[in-house]
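Q: I am new to this structure and would like to go through it step by step. Could we begin with the overall picture and then move to particular residues?

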Amino acid sequence: MSLFGLGSRNQKTFRPKKNAPSGSKGQQLQRHIDATLGSGNLREAVKLPPGEDINEWLAVNTVDFFNQVNLLYGTLTEFCTSASCPTMSAGPKFEYRWADGVQIKKPIEVSAPKYVEYLMDWIESQLDDELIFPQKIGAPFPSNFRDVVKIIFKRLFRVYAHIYHSHFQTIVNHKEERHLNTCFKHFILFTCEFRLIERGELAPLNELIEPILVAC
């Protein structure tokens, strides 16, 4: 069975898939994403469609990337355990500690699976908050919306960084590296297009990212 189990009834998913925001343009923009991705041109797929609202575009894509990372990590849960990955890291130079600023204000050291669990719970709470990700047609986005999106993307990148540094051989063994690489390229191109992550944060995967960013 494929590591990512696409189309398989036995597929292990980390959590249920989130739907795109239903407000104003949400579902229409999701169809646009699906159509442009189907063309195979990732650079075009990340661009803001003409005449569309930037916040709507960021919102729909945030949900999309959240689902993508969920699927990728969810298939690795039997390999990423508190025993195999006692810290959330991306190689020896990069360790990530968790804080949400509310329940956990001081960053704490946790295992990789616990970090990802905290992270996905936190992102889900942001996506479900209609004051941040409005669902109703015409409802305004908050003034700090882009800042929230940046934090989400910065933290989703850390999951990619952990997967590549700690679990890439498992993915290669299952011949699924092409799928992972395509998902990651799409993520980085979108991040680059809208300047969502500081370059210093991308350091753990610089060797992978530099060729992608050549044209940015």
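Q: To start, what percentage of the residues in the protein chain is buried?
A: Of the 216 residues in the protein chain, 49% are buried. Please keep in mind that this is a predicted model.

Q: And how many helices and strands are there?
A: The protein chain has 7 helices and 2 strands. Along the sequence they follow the pattern α-α-α-β-β-α-α-α-α.

Q: Among contacts with a separation of 6 or more, what share comes from residues 24 or more positions apart?
A: Such residues account for 73% of those contacts in the protein chain.

Q: Now the helices. At what angle do α3 and α5 cross?
A: Helix α3 covers residues 54-74 and helix α5 covers residues 145-173; their axes cross at roughly 20° and come within 11 Å. Angles under 35 degrees count as roughly parallel, and α3 and α5 are therefore roughly parallel to each other. The crossing of α3 past α5 is left-handed.

Q: Which residues make that contact?
A: On the α3 side they include I54, L58, F65, V69 and Y73, and on the α5 side they include F145, V149, F153, L156 and Y160.

Q: Does α4 run parallel or antiparallel to α5?
A: Helix α4, residues 112-128, and α5 have axes that cross at roughly 155° and come within 11 Å. Angles over 145 degrees count as roughly antiparallel, so α4 and α5 are roughly antiparallel to each other. Here too the crossing is described as left-handed, with α4 passing α5. Among the contacting residues are Y115, L119, W122 and I123 of α4, together with V148, I152, R155 and V159 of α5.

Q: Let us change topic to F190. Where does F190 lie, and is F190 buried or exposed?
A: F190 lies in helix α6. With a relative accessible area of 0%, F190 is buried.

Q: What does F190 touch, beyond residues up to four places away in sequence?
A: F190 touches V46, W57, L58, N61, F65, F153 and L196.

Q: Where is A203 found?
A: A203 is found in the loop between α6 and α7, the latter being residues 206-213. At 27% relative accessibility, A203 counts as partly exposed. A203 and A161 are 42 residues apart in sequence, and their C-alpha atoms are 9.4 Å apart in space.

Q: One last topic: how many disulfides are found?
A: A search of the whole structure finds 0 disulfides. For C85, the nearest cysteine sulfur is that of C80, at 3.9 Å.

Q: Is C85 buried or exposed?
A: C85 is buried, with a relative accessible area of 5%. Another cysteine, C183, also counts as buried, at 8% relative accessibility.

Methods
Residues are numbered from 1 along each chain as its sequence is written. This is a predicted model: local features need pLDDT of at least 70, side-chain atom pairs count only at pLDDT 80 or more; totals for chains, interfaces and linings use all residues. Side-chain values use heavy atoms; hydrogens and water are left out. Helices (H or I, at least four residues) and strands (E, at least two) are DSSP runs, numbered from the N terminus. Buried means under 20% relative accessible area, exposed over 50%, partly exposed in between (1.4 Å probe, protein chains only). Contact means heavy atoms within 4.5 Å. A disulfide is a pair of cysteine sulfur atoms within 2.5 Å. Axes are lines fitted to C-alpha atoms, for helices over the stretch in contact, and angles run from 0 to 180 degrees between N-to-C directions. Angles under 35 degrees count as roughly parallel, over 145 as roughly antiparallel, 65 to 115 as roughly perpendicular and the rest as oblique. A crossing is left-handed if the near helix is turned anticlockwise from the far one by less than a right angle, and right-handed if clockwise.
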